[in-house]
Amino acid sequence: QVQLVESGGGSVQAGESLRLACVISGDTSDFGDMDWLRQAPGKDSEFVSRIRWDTGDTFLADSVKGRFTLSRDNTKTTVFLQMNSLKPEDTGVYFCTARRTHSLGYDYQGPGTQVTVSS
């Protein structure tokens, strides 16, 4: 059974940094992509970043390019989202999600971690 668990959230001031981690357990051999999403209060979830599981290629939403960096450890059990120069609009619950190859939707999602950025 695949499980995703996020950590690293917290409350910071604008301009500060946080590093989120998504620890993955179980069989990931059929993973297609792993995404970070975020959801602000009263808003729909928003795409933040993606890593292609087979190649390690990464993609970032325009709203976080130049500030956030996505990486993965060599064992492919943890994905990191380094968030620098945080802004109040980055506030929300951050979820890591994964999609199996050829799946249309997300097959796995973690419980989320809260990020709060105050001005």
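Two strands pair if DSSP finds at least two bridges between them. Strands are DSSP runs of E with at least two residues, numbered from the N terminus.

## Basis of the model

This is a predicted model, in which local features need pLDDT of at least 70 and side-chain atom pairs count only at pLDDT 80 or more, while totals for chains, interfaces and linings use all residues. Residues are numbered from 1 along each chain as its sequence is written, and side-chain values use heavy atoms, with hydrogens and water left out.

## Strand 4 and its partners

Strand 4 pairs with strand 5 (residues 45-52) in the antiparallel sense, over seven bridges. Within this pairing, Leu-37 has Phe-47 of strand 5 as its bridge partner. The hairpin of strand 4 and strand 5 has five residues between the strands, and Gly-42 takes a positive phi near 75° there.

Strand 4 also pairs with strand 9, again antiparallel, over eight bridges. Here the bridge partner of Asp-33 is Arg-99 in strand 9. Eight of the nine residues of strand 4 are buried, so the strand is largely enclosed by the rest of the structure. Buried means under 20% relative accessible area, exposed means over 50%, and partly exposed lies in between, with a 1.4 Å probe and protein chains only.

Four strands form an open sheet in the order 1-3-8-7, with antiparallel pairing. Strand 1 (3-7) and strand 7 (68-72) stand at the edges with a single partner strand each, so one side of each is left without a neighbour in the sheet. On average, neighbouring strands of this sheet are turned by 15° against each other, direction ignored; the axes behind such angles are lines fitted to C-alpha atoms, and angles in general run from 0 to 180 degrees between N-to-C directions.

Strand 7 and strand 8 run antiparallel and are joined by five bridges. Ser-71 has Phe-80 in strand 8 as its bridge partner.

## Salt bridges

The structure holds 10 salt bridges, each a side-chain nitrogen of Lys or Arg within 4 Å of a carboxyl oxygen of Asp or Glu. One of them joins the side chains of Arg-99 and Asp-33, at 3.1 Å from N to O. Arg-99 lies in strand 9 (residues 92-100) and Asp-33 in strand 4 (residues 31-39), so the pair ties together parts that are 66 residues apart in sequence. Arg-99 counts as buried at 13% relative accessibility, and Asp-33 counts as buried at 9%. Both belong to a network of salt bridges that links Asp-33, Asp-35, Arg-50, Arg-52 and Arg-99.

Asp-90 forms a salt bridge with Arg-38, with the closest N and O atoms 2.8 Å apart. Asp-90 is in the loop between strand 8 (78-83) and strand 9, and Arg-38 is in strand 4, so this pair links parts of the chain 52 residues apart. Asp-90 and Arg-38 are buried. Lys-65 and Asp-62 also meet in a salt bridge, at 3.1 Å from N to O, and Asp-62 is exposed, with a relative accessible area of 65%.

## Aromatic rings

Phe-31, Trp-53 and Tyr-108 form one aromatic cluster. Rings of Phe, Tyr and Trp (its six-membered ring) pair if their centres lie within 6.5 Å; planes under 30 degrees apart count as stacked, over 60 as edge-to-face and the rest as tilted. By this rule there are two aromatic pairs.

A charge sits over a ring if NZ of Lys or CZ of Arg is within 6 Å of the ring centre and within 35 degrees of the ring normal. Arg-72 lies over the face of Trp-53, at 4.8 Å from the ring centre. The charged end of Arg-19 sits over the ring of Phe-80, 3.9 Å from its centre.
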